[in-house]
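Please look over the chain below.

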Amino acid sequence: MSNSSTNTLDHIVHLTPPGSVEETSQQFWELGFTVIPGGTHADGLTANALVVLADGVYLELISFTHPVSYYPSGSPGRVARESHRWASKSSGWIDFAFLGNGLQTGTNCISNIINDRGKQEGSNVDYNPEVPGGRKRPDGKVLNWVISSPGSGVRGALPFFCGDVTPREWRVPSDPPPNIEHLSTAKGISHILVLTSPETFPSLTQQLTTVIGTPAISSTSREAIWQLEAVHKKRGGPKLILRTARTEGETSFVQEVGTGIFEVAFSTEGKEGNTTSPYGRIAWTIKSARVRSLLNPITCAAKMAPKGGNAKKESGRAKKAENEANKKAQEAADKERKEAEKWKDGAKTAKASKQEKEDKRQADLARKAENARLLAEEEAAAPSKVKSAPKAGKSKPTPKPAGPGAIAAGGGLGAVSSAKDDVPEEKKEIESYAATGIDNALDLLEVVNAKMDKASIGQQAAGIERHPEAAFEAYQERELPKIKIEHPGLRLQQYKDLLYKQFQKSPENPFNQTSVAYDATKEQKVKALEDKKAQVEERLKEK
C-alpha cells in the first residue's frame, strides 16, 4: 500500500490491568459489543481482543500479559516491559492509530511525509522511523505491520501510524458479517474527544494539523475539530475533537491524567447517552435523521433520472416522497409533544385531587374523633349493668337496643346485626365490648355504625378501591430518575409506560394494600369487610 493519506482512523486502544483481556472482553459484551479474540503480540508483552465496527475502525482491548514483577530484575524481559511505550499509562482509552501505508523506508513512508510537513509548517512535529510489528492469531495466522510513533509531542494526543504488510483484513476481520453486528447498534466512531490544558492547546492544535494534513473544520481558542476518514467511510467519518476542560469531571481528568483521550463516541441506530467502559467514558450518538437517510436514494434518483425516462416526472415523484416523509416526521413530533402536554396536565390534576382527598380525610378523622368522645361520655353516664334474678313465670322479652347507643345500654355488635329479636334474653347471652384509646374507639364505632344489609355491604365493598392517581404520581416522581439510568435512550412516554406497569404490582398501589388486591372481585371485597368486622369484634370483646 503506497497511499500517502494521513487522516484515516484505524483503531483506538483501551488498556486494562495485566492478564485481564478475557474479563474485559466479557465487560464489553455486556455493553453491547461483539468481541473477537485477538492474540498475543510478537514481543510477548501484550495480548488483545478486538471490537470491529462497520466503518472499518476497531477497538483494541489490550493488556500486558504479566505485571512488571513477573520478570526477574535486570532481565531482558524486565527491561522490555519497563520501557514499553504504554508501561506508564493508566487503564482506559490510552492511544489511537491512523492507518499507514506499510512502507518502512523511502520518501513516501509516513514518518518522512509528516516530518517534512513539520519542517515546512514550523510545528516541530517529529515521528520516529517505522519499526516492524506483528501478532499471531489464535488460528495460527501470522500478521505483520510497521509502526511509526511520535517522537515529540504528547503520546495519546498525537496518533501513531499502523501500516499493514500482510492484508489488513487479516488484522481486522470484518467477515463474516456477524463480526460487525452489535447489540448496541453501534455502526462506527462518531468522535474522539481529547482533553488538554490551556497552556498546551495552541501547540497541540498546530501539531495535529500537521499530522492530519488538513486544517480544523472548526477552531476557537479553546476547541478545534478535525474531520477524519474511516476505511469504509471516506465522507462524514469520525471527528477528532481537541479542547480544554469545561466540567468538573473533565478538569479532574486533566489534573490526574494530563493530556489524553477523555471520551470515545459511537454512532448508533437509536441509542444515545453516556456510559463507561471498565476504565473509560463512552458516548452513544444517533446517526443522522432516518428521514434523510431514506430520502438519499430518492434524491439521487431525482438527480439522475433513468435514460429514456421523464426527468421532470421523476423529480416530481421524489419531491412528493420527500414532502410525505417530512409530513410524517412532523406528525410524529406533534404527537409526542401533545402526549407530553397531556401528561403534564394530568399530573397537575392529580396534585389537586391529592390535596382535596387529604382535606377530606382530615375532616373525617375529626368527625370520628368527636363521635368517639360523645360515645365515651354516654357510656360513662350510663348505670352499671346489674344481673337480676330470674322471675317465676313467663316473662316478656326485653327488646335489645340497637344503633350507636347499643354498647352503652349493654348491647353488643351481635345486637346490631341480628334480626332474631324475639329470642328471650334468658336464652341468649349478651356480648359486651370495651374500647380503650382513640384508635380502638374509632374502629368499634365504624363497625357499629356500619349497615350490614346486602345493598350497603356492596356499596362499602365498592368503596374499598381508592383512586391511585396521587400515589402513582409520587411513585413516578421518585422512580423516573432511576429507570432512566437503567433503560437509557427511551422516550418519556416509554418511561411512563414502564413505571405504570411496575406500579400495578407495587405495594404502594392502594389496590394492593391490606384491604384487598387491586384485581379483587366483588365477593372477595365483601369477604374482606366481613373478616375485618370479625377481627374488630374479637379484639374488643370483653373476656
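## A buried glycine

Gly32 counts as buried because its relative accessibility is 8%. Buried means under 20% relative accessible area, exposed means over 50%, and partly exposed lies in between (1.4 Å probe, protein chains only). This is a predicted model: local features need pLDDT of at least 70, side-chain atom pairs count only at pLDDT 80 or more, and totals for chains, interfaces and linings use all residues. Residues are numbered from 1 along each chain as its sequence is written, and side-chain values use heavy atoms, with hydrogens and water left out.

Where does Gly32 sit? Its place is the loop between helix 1 (21-30) and strand 2 (36-41). Helices (H or I, at least four residues) and strands (E, at least two) are DSSP runs, numbered from the N terminus. Leaving out residues up to four places away in sequence, Gly32 touches His182, Leu183 and Ser184. Contact means heavy atoms within 4.5 Å. Glu181 is 149 residues from Gly32 along the chain, yet their C-alpha atoms are separated by 9.7 Å.

## The chain as a whole

The chain has 14 helices and 16 strands. Of its 543 residues, 38% are buried. Take the contacts between residues at least 6 apart in sequence: 63% of them join residues at least 24 apart. The chain exposes about 31400 Å², and carbon and sulfur atoms supply 53% of that. Accessible areas come from the Shrake-Rupley method with a 1.4 Å probe; for residues, only the protein chains shown count as cover.

## Aromatic rings

A pair of aromatic rings is described by the distance of the centres and the angle of the planes. Rings of Phe, Tyr and Trp (its six-membered ring) pair if their centres lie within 6.5 Å; planes under 30 degrees apart count as stacked, over 60 as edge-to-face and the rest as tilted. The structure holds 13 aromatic pairs. Two of them are set out here.

| Pair | Centre to centre | Angle between planes | Type |
|---|---|---|---|
| Phe96 and Phe98 | 5.8 Å | 65° | edge-to-face |
| Phe98 and Phe161 | 5.7 Å | 90° | edge-to-face |

The pair of Phe98 and Phe161 links distant parts of the chain. Phe98 is in strand 5 (residues 92-99) and Phe161 is in strand 8 (residues 160-164), 63 residues apart. Phe96 is buried. Phe98 counts as buried because its relative accessibility is 0%. Phe161 is buried too, with a relative accessible area of 2%. Elsewhere, Phe28, Phe33, Phe266 and Trp284 form one aromatic cluster.

## A buried arginine

Arg81 has its place in helix 2 (residues 76-83).

Arg81 does lie over the face of Phe64, at 3.7 Å from the ring centre. A charge sits over a ring if NZ of Lys or CZ of Arg is within 6 Å of the ring centre and within 35 degrees of the ring normal. Beyond its neighbours within four places in sequence, Arg81 has contacts that include Pro18, Leu45, His66 and Tyr71. Arg85 lies over the face of Trp86, at 4.4 Å from the ring centre.
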